[in-house]
Amino acid sequence: MLHALCLGAIGNKSKKLFAHKTDIYILARFVHLFQLSKVSLSLSVALLRACADGAANHLYDITAGQQDSFLPDYISGDFDSITAEVKAFYTEKKCRLIETADQELTDFTKCLAIMVEEIKRQQLQDMRHRLGVNTGLEGEWCSLIPIGGPCKTHTTGLKWNLDNQVLQFGKLVSTSNTYEPVAQGDQRKPVTVTTDQPLLWSMGICRDRK
Amino acid sequence: SLLHIVIPLDKICLIILNQPLEKDSLHTLWSKDLRAGYQVSILNCPADGPSEVDDLRLVGFQNIHTWPFGQLAVVWTQQSCGALLRACADGAANHLYDITAGQQDSFLPDYISGDFDSITAEVKAFYTEKKCRLIETADQELTDFTKCLAIMVEEIKRQQLQVDTIVTLGGLAGRFDQTMASVETLYHALNMTELPLVVLQGCSLAYLLRPDMRHRLGVNTGLEGEWCSLIPIGGPCKTHTTGLKWNLDNQVLQFGKLVSTSNTYEPVAQGDQRKPVTVTTDQPLLWSMGICRDRK
């Protein structure tokens with residue numbers, strides 16, 4: 001949901017700030033904030049895609065003419081919102097339909113529970129973060145700060161990368177780092193980071209686009 | 001094992017970092033003038049007995065006689081003091097030069113160290129002409145602060161100076177990663193020197209408590225701010241305290257579980273003195289507190 005909200009929230013801005021490899025939900029009440037371009041962007045990087053009940057109706061509508069390119073991995077819910085036509089369409093396309101009748105929990109919560117299960121089952125959780133740093137709004141500096149304890153860290157896209165090294169106060173802390181230089185006119189590569197413990201990323205941001 | 005170190009602090013060395021510099025702090029800490037007195041007192045004592053030294057006072061730097069540039073909160077002693085050594089880390093020299101406009105000659109650092117990518121050509125030329133040592137340190141692995149500290153530790157040894165503590169102005173504000181880099185220097189300092197390293201900026205003080213000794217911090221100067229904190233920045237710390245409003249009873253401080261911020265001092269009856277704060281920890285633990293500029 002956070003990812004979906006992020007897309008909705010930045011719908012008014014001309015650039016996305018991050019491209020995360022993550023999972024995406026399409027929730028019925030946020031779809032009005034989406035534009036097709038952003039949906040396609042998110043879906044193309046998502047490892048798993050799901051709709052919560054009537055969200056499938058919206059997905060079907062918004063991808064009219066190219067529904068085949070936007071098939072969710074599953075649709076879950078109590079199916080009191082999804083139309084018969086949409087349900088039939090996605091069933092025929094072999095999307096999983098998972099009925100969840102629990103009235104204590106919202107469709108969202110249930111959808112999330114299934115996704116968490118799937119992530120575990122498919123072992124998608126390598127928590128590889130990918131940070132887009134090409135908006136022109138980044139400052140010069142960035143840093144990885146192992147606040148709270150040691151972090152075994154691997155990065156790409158930084159000027160000084162970490163090669164499965166342990167960041168730890170008293171031993172190694174990455175401050176005053178910056179981005180891997182690129183040829184004039186080229187785009188910066190995204191920064192990728194994996195860590196085995198929570199790791200604080202901090203970066204400069206500029207108020208004025210360069 | 002506990003260390004039996006008593007630190008009657010009246011001799012400091014001063015490092016200035018590349019951040020906005022407060023005139024009062026500078027004047028108070030800089031001068032060898034007999035009229036100025038100050039002390040940073042952090043007493044570490046064994047847990048099994050009271051110390052005979054009664055100079056637990058903390059923190060802040062005050063000018064007991066009025067200086068033209070105002071005053072800062074302090075603890076002070078009878079003795080004369082003034083920084084025995086003063087250094088600037090790279091662009092700190094720019095700030096020093098600006099803030100001492102008209103009297104730069106009275107505020108010449110013993111050395112300026114760094115990679116010299118921040119110091120301006122004008123400032124560099126000025127201090128060079130005044131015979132301040134310029135020490136270029138190109139090591140990209142270490143920050144200007146760490147390198148400046150290393151040189152200072154070396155100089156203290158070389159000149160066989162009796163020093164009580166190393167005070168740093170700046171390092172806690174501005175870019176977040178540079179504040180974190182200052183904390184990292186505090187960690188390195190544990191291995192570089194036995195001397196306490198205290199960082200001051202604005203109304204904040206930071207000091208990294210060594211593990212396995214009982215720290216006793218006097219907080220009765222009237223110069224303390226309202227807040228204090230214990231921050232397990234590098235990892236979990238099994239902590240025991242007295243003298244705080246919210247004490248820790250052999251509890252583990254750890255990010256994600258328990259961090260002591262917005263703490264304060266144990267309340268005392270009107271007119272009574274605050275008890276000292278005592279802290280023991282099994283890993284380096286960051287003590288941070290507010291300091292006031294004017295004595296209450």
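All views show a predicted model.

**View 1. The contact between chain A and chain B.** Between them, chain A and chain B bury about 1,300 Å², and 65% of this area lies on carbon and sulfur atoms. On the side of chain A, Trp141(A), Gly148(A) and Phe169(A) supply 41% of the area that the chain buries against chain B, which is more than any other three residues supply. The contact draws on 19 residues from chain A and 16 residues from chain B.

View 2. In chain A, 3 strands are arranged as an open sheet in the order E9-E6-E11, with antiparallel pairing. At the edges stand E9(A) and E11(A), the latter spanning residues 200-205, and each of them pairs on one side only. From one strand to the next, the twist averages 15°. The antiparallel pairing of E6(A) with E11(A) extends over 5 bridges, and Ile145(A) is found opposite Leu200(A) of E11(A). From the other chain, H5(B) lies across E6, E9 and E11 of chain A, and the helix runs at about 35° to E6(A).

**View 3. The largest pocket and the elements that line it.** The largest pocket has a volume of about 1,200 Å³ and a lining of 38 residues, of which Thr175(A), Ser176(A), Gln140(B), Leu142(B) and Thr143(B) lie nearest its centre. At least two residues of this lining come from each of strand E6 (138-145) and strand E9 (174-177) in chain A, and likewise from each of helix H4 (144-158) and helix H5 (176-192) in chain B. The element that gives the most to the lining is H5(B), with 6 residues, the helix that also lies across E6, E9 and E11 of chain A. By residue class, the lining of the largest pocket comprises 10 nonpolar, 18 polar and 10 charged residues.

**View 4. The four-stranded sheet of chain A.** Another view of chain A shows an open sheet of 4 strands in the order E5-E10-E7-E8, in which the pairing is antiparallel. Strand E5 (129-131) and strand E8 (165-167) of chain A each have a single partner strand, so one side of each of these edge strands is left without a neighbour in the sheet. Neighbouring strands of this sheet are, on average and with direction ignored, turned by 35° against each other. The partner of E5(A) shown here is strand E10(A), residues 191-195, and the two pair in the antiparallel sense over 3 bridges. Within this pairing, Leu131(A) has Val191(A) of E10(A) as its bridge partner.

Note on methods:
Residues numbered from 1 in each chain as written. Chains lettered and ligands numbered in written order. Predicted model: local features only at pLDDT ≥ 70, side-chain atom pairs only at ≥ 80, totals over all residues. Heavy atoms only, no water. 1 Å grid on protein atoms, 1.4 Å probe; cavity = no way out; pocket = protein on both sides within 12 Å on 5 of 7 lines; lining within 4 Å. Points joined across faces, edges and corners; volume = space filled by probe spheres on them. Nonpolar A, V, L, I, M, F, W, Y, C, P; charged D, E, K, R; others polar. Pairing = 2+ DSSP bridges. Axes fitted to C-alpha atoms, helices over the stretch in contact; angles between N-to-C directions. Contact = heavy atoms within 4.5 Å. Buried area = accessible area lost by both parts, 1.4 Å probe.
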